[in-house]
Amino acid sequence: MLNVLVLAVFKYPQAIAAALGSSSPITALYPLGISFISFHCISYLVDLRREELRLPVGSEAKEFLLFATYLLFFPKITQGPIVRYADMRPQLEQRRFTLDQVSAGFERVLVGLAKKVLLADQLGALLGTMPQTGYMDAATAWLGVAAYGFQLYFDFSGYSDMAIGLSNVFGFRFGENFNFPYLSKSVTEFWKRWHISLGSWFREYVYIPLGGSRRGSVYLNLFIVFLLTGMWHGNTGIYICWGLAYGILCVMERTPWFRRLQSRRWYPAVGWIYTMLVVFIGWLCFRLPDVGTFFLYLKNMLGMGIGELTFTYRYFFTAKTVTLLLVSVLGIFLCSRQRVRALYQQAMERPLWVYLKYIVLLALFALSYTAILSNGYTPFLYFQY
């Protein structure tokens with residue numbers, strides 16, 4: 001409870017201050033990584049209580065140092081992935097360094113850096129020329145939805161790549177945090193592919209203790225999980241509405257009639273379109289300040305905006321915009337194909353292709369470094385959560 005209280009104080013200072021009869025927030029400070037630190041602490045305490053984690057007796061000083069390292073391990077402190085202490089402790093006690101592991105780690109870091117700097121930041125620069133509020137034509141509004149959805153994915157998955165890669169360099173192996181979520185054919189499947197460690201944490205420490213699918217109402221349990229997920233992401237009404245909407249959709253997808261729909265031959269295509277519309281439009285809650293602005297943006301997407309059209313189709317006719325969107329789409333769909341990945345593995349067995357891979361990685365690093373020098377520092381979007 002203490003961890004939850006600490007997290008609530010920093011996540012909801014205005015609400016707690018109002019409940020205490022104060023007109024000013026409790027604190028203006030926001031410790032780095034408070035959300036992920038709190039979740040790691042909660043999982044540690046719950047695992048101890050469940051006796052899923054057993055610590056040796058008489059080595060308190062050593063355990064304190066191991067736990068502090070686990071809690072403050074810098075690659076994962078701000079955006080995850082969330083790792084259980086039971087999984088990381090054996091690696092803290094005995095790590096094995098191999099040249100292949102270190103090499104693979106640096107490769108992963110370079111790929112993540114390229115995702116962040118060459119795709120996410122460039123898409124962010126495009127979005128910076130568009131207004132978050134006000135009126136615009138429908139095509140520009142839809143372009144903003146697509147660009148932000150790709151920016152958020154490449155920004156967050158790029159960070160995860162760098163975190164996992166750096167962990168490999170230091171001798172740690174963490175699970176994947178993304179599994180091509182934009183290929184999902186349902187909202188439920190999407191949340192099994194996006195921010196996998198967060199979904200696993202909520203399943204293990206909220207959904208299952210509530211009863212999961214075996215005790216109580218599975219619909220109520222799912223709804224509570226997604227409500228808490230929305231509250232965890234932000235302290236304003238639009239995040240709570242985002243969590244409520246996902247809770248309703250995931251409850252709907254557990255019903256028998258939706259399961260019958262999924263068995264139809266036409267569902268994979270229709271299900272993918274439905275899921276992407278929900279997900280990409282839902283990301284607007286992360287970009288827009290409040291619910292009113294969200295619905296105004298929806299009106300613009302439907303061509304129902306009233307007033308002067310400030311922005312026009314000119315965004316579609318720039319080479320940079322077209323290239324960014326094409327690379328984003330191809331990167332997501334091509335890299336996910338098993339055939340493409342199998343061809344890559346076969347190519348890596350030949351020295352010529354290995355040399356070519358390193359040339360490409362060096363080129364990505366050079367381009368990323370140049371982009372950083374040109375554009376300056378751009379913080380990760382998920383830092384604020």
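## Exercises on rings and sulfurs

The count comes to 48 aromatic pairs, where rings of Phe, Tyr and Trp (its six-membered ring) pair if their centres lie within 6.5 Å, and planes under 30 degrees apart count as stacked, over 60 as edge-to-face and the rest as tilted. This is a predicted model, so local features need pLDDT of at least 70, side-chain atom pairs count only at pLDDT 80 or more, and totals for chains, interfaces and linings use all residues. Residues are numbered from 1 along each chain as its sequence is written, and side-chain values use heavy atoms, with hydrogens and water left out.

**Exercise 1.** Work out what kind of aromatic pair F150 and Y182 form.

Step one: the centres are 6.3 Å apart, with 75° between the planes, so F150 and Y182 are edge-to-face. Step two: look up accessibility. F150 and Y182 are both buried (under 20% relative accessible area; exposed is over 50%, partly exposed in between, with a 1.4 Å probe and protein chains only).

**Exercise 2.** How many disulfides does the structure hold?

First, recall that a disulfide is a covalent bond between the sulfur atoms of two cysteines. The cut-off here is a pair of cysteine sulfur atoms within 2.5 Å. Now try C241: its closest cysteine sulfur, in C285, is 7.5 Å away, too far for a bond. The total is 0 disulfides.
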